[in-house]
Amino acid sequence: MMGLWRRFVGSCSRPVDTRPLAALRILLPLCVIFDLLRSIQLGLAGVYYRPWDAGGLSTFVGDEWALAGLGPDAGLWLVGLIIVCMALVSSGLGVRPAIVVGVLAYAQLGHLYPPGDRAIDRIIRTALLILLFSQSHRRWALGDRLLGRAPVARAAAAPQHLILWFLVLIYMAAGVSKLMQQPAWLAVSGTPVLYRVVTDPLAGAWDHMTWSRIGLPFFVASWATIIFEVGAFVLLTRWRRWFGLLGVGLHLGIGLTMHLGMFSAGMLCFYVVVLAEWWIPGLDRWRVGRAPP
Amino acid sequence: MTRSEARDHLRALAVVVAATALLVTGFPGLDFASRKEMREGVSVAGRIAAPLGTLMAGVAWFDLELRRPLARLVRPVERTFRVAQEFHLYRDGPRRVDRLEVLVDGEVVYRTRDARHGWRAAQFGNRHLRPMVGTAAQKPDAVNQKGICRWIVARVQEDFPTAKEVVIRSSRTEFGVEAPWVRFSRVARAPDWTVSRVRKMTRP
């Protein structure tokens with residue numbers, strides 16, 4: 001038992017490249033920024049993030065909405081605050097305080113308008129909280145440049161383990177609940193579940209009439225979805241990157257066939273960690289090739 | 001033990017705590033089942049085969065006596081940061097094709113995913129609004145429909161200043177079948193623009 005624990009301690013403390021988590025730290029906040037800017041561009045921020053009495057959409061707010069005393073525009077101030085915090089996190093300036101303030105503000109926005117706070121928002125907030133305990137803020141960070149600090153090239157692997165563990169739980173929870181609710185995900189006849197998902201006009205992008213006579217690709221994609229989600233524990237093994245390709249395919253497929261806003265982009269950000277064993281050496285080779293002789 | 005070793009052990013312990021918190025709050029499969037379903041599962045499994053019943057009883061014990069009490073400890077953190085760990089992403093597709101339609105003075109101006117009737121389609125399709133559009137199209141008594149109806153009526157008044165009537169209705173068809181039928185509708189008329197109660201219709 002002690003041997004197992006020591007191996008685990010060793011695995012958590014093992015120094016790993018800080019670039020995968022730094023890339024995640026840069027990309028996830030960008031998704032949030034673009035998502036909020038899109039709401040502003042569409043003129044919807046003032047509708048989403050105001051209470052019902054001030055012309056908002058939702059008739060209810062979450063129990064944890066704590067800023068009612070600041071007036072009807074508190075939500076809009078939060079939007080601005082989140083954009084600033086996410087920009088700081090992404091640029092690497094005051095990352096840790098910006099994560100704490102940004103995630104708290106982002107959570108409050110969710111409490112103010114619960115119907116619009118989706119799974120991807122919770123996923124991003126959780127990932128940012130994990131990054132809070134990493135050294136991702138010490139690589140590719142404006143803060144280091146301004147303070148003249150040397151970046152941290154390698155740091156303990158623990159936060160990276162947690163990000164992968166988190167991904168595994170997300171996918172496995174999704175896969176197992178799919179099978180519990182609808183075993184037809186593995187069907188070989190009838191109407192494929194995935195066909196119904198991607199041609200549902202309320203979320204999908206494809207036309208149900210056009211695709212109604214084509215079954216096999218939907219069945220195969222349904223099985224692949226279940227195989228990937230239920231088998232997501234493979235992301236914890238050395239076959240992670242190969243299995244991750246299936247995940248990239250899944251999210252690209254979702255992005256092409258469904259209208260879920262930043263969901264696909266947000267989830268694809270995590271693949272900078274999953275596929276790090278490929279892109280980090282590739283980046284190093286590219287840099288060596290570009291270096292003057 | 002050196003300070004560095006002690007720090008390594010503490011770090012590993014923190015990982016165990018964090019990983020356990022994530023696991024107990026979003027345990028794949030168990031997070032999906034209610035207490036009642038868990039108890040019923042034990043009874044059903046026991047009727048199929050005794051060993052299966054014993055196994056299910058063990059799972060139920062783990063869930064009800066261990067996982068849920070532990071998850072309750074994490075709830076305050078979950079609520080503060082709004083990071084509930086239940087991810088049942090697209091368990092199933094809908095059984096039928098539902099669309100939301102908006103008619104201004106009898107003319108369809110918006111229909112979900114219909115390029116010919118694309119009034120404010122980018123807004124209707126925004127990910128934060130889409131859930132409300134969805135429930136308004138699918139559930140006649142949806143809690144959310146009040147807000148989306150009020151928003152639609154206000155936007156119609158902006159874009160069609162001479163309009164006298166707005167109908168917000170749900171149309172439904174089967175997958176692979178073209179012709180939809182109207183399930184229910186809500187109506188608002190000038191000058192007060194109060195959205196009337198839902199009118200449900202029977203399938204032709």
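Visitor: How far apart do the C-alpha centres of domain 1 of chain A and domain 2 of chain A lie?
Guide: This is a predicted model. The domain assignment of chain A places domain 1 at 17-144 and domain 2 at 158-293. Their C-alpha centres are separated by 24 Å.

Visitor: Which element gives the largest share of the side of domain 1 of chain A that touches domain 2 of chain A?
Guide: The contact draws 20 residues from domain 1 of chain A and 17 residues from domain 2 of chain A. On the domain 1 side, the elements giving two or more residues are α2 (19-41) and α6 (119-132) of chain A. The largest share, 10 residues, belongs to α2(A).

Visitor: How many nonpolar residues does that side of domain 1 of chain A have?
Guide: Sort the side that touches domain 2 of chain A by class. Two residues are polar and three are charged. The nonpolar count is 15.

Visitor: Which helix gives the most to the side of chain A that touches chain B?
Guide: Here 61 residues of chain A are in contact with 55 residues of chain B. Several helices of chain A each supply at least two residues, among them α1 (2-13), α5 (95-112) and α8 (158-181). With 15 residues, the one that gives the most is α8(A).

Visitor: How many residues of α14(A) are buried?
Guide: Helix α14 (residues 276-290) of chain A has 15 residues. From first C-alpha to last it reaches 21 Å, close to the 21 Å expected at 1.5 Å a residue. The helix is hardly covered, and its buried count is one.

Visitor: Which strands of the chain B sheet stand at the edges?
Guide: Five strands of chain B form an open, antiparallel sheet in the order β2-β1-β3-β4-β5. An edge strand here has a single partner, so one side of it is left without a neighbour in the sheet. The edge strands are β2 (107-111) and β5 (199-200) of chain B.

Visitor: Which residue of β4(B) stands opposite Ser170(B)?
Guide: Strands β3 (residues 165-173) and β4 (residues 181-189) of chain B run antiparallel. Eight bridges join them. Opposite Ser170(B) stands Phe184(B).

Notes: Residues are numbered from 1 along each chain as its sequence is written. Chains are lettered from A and ligands numbered from 1 in the order in which they are written. This is a predicted model: local features need pLDDT of at least 70, side-chain atom pairs count only at pLDDT 80 or more; totals for chains, interfaces and linings use all residues. Domain bounds come from an automatic or database domain assignment. Two residues are in contact if their C-beta atoms, placed from the backbone, lie within 7 Å. Helices (H or I, at least four residues) and strands (E, at least two) are DSSP runs, numbered from the N terminus. Ala, Val, Leu, Ile, Met, Phe, Trp, Tyr, Cys and Pro count as nonpolar, Asp, Glu, Lys and Arg as charged, and the others, Gly among them, as polar. The expected span of a helix is 1.5 Å times one less than its number of residues. A residue is buried if 20 or more other C-beta atoms lie within 10 Å of its own, exposed if 12 or fewer, and partly exposed in between; C-beta atoms are placed from the backbone. Two strands pair if DSSP finds at least two bridges between them.
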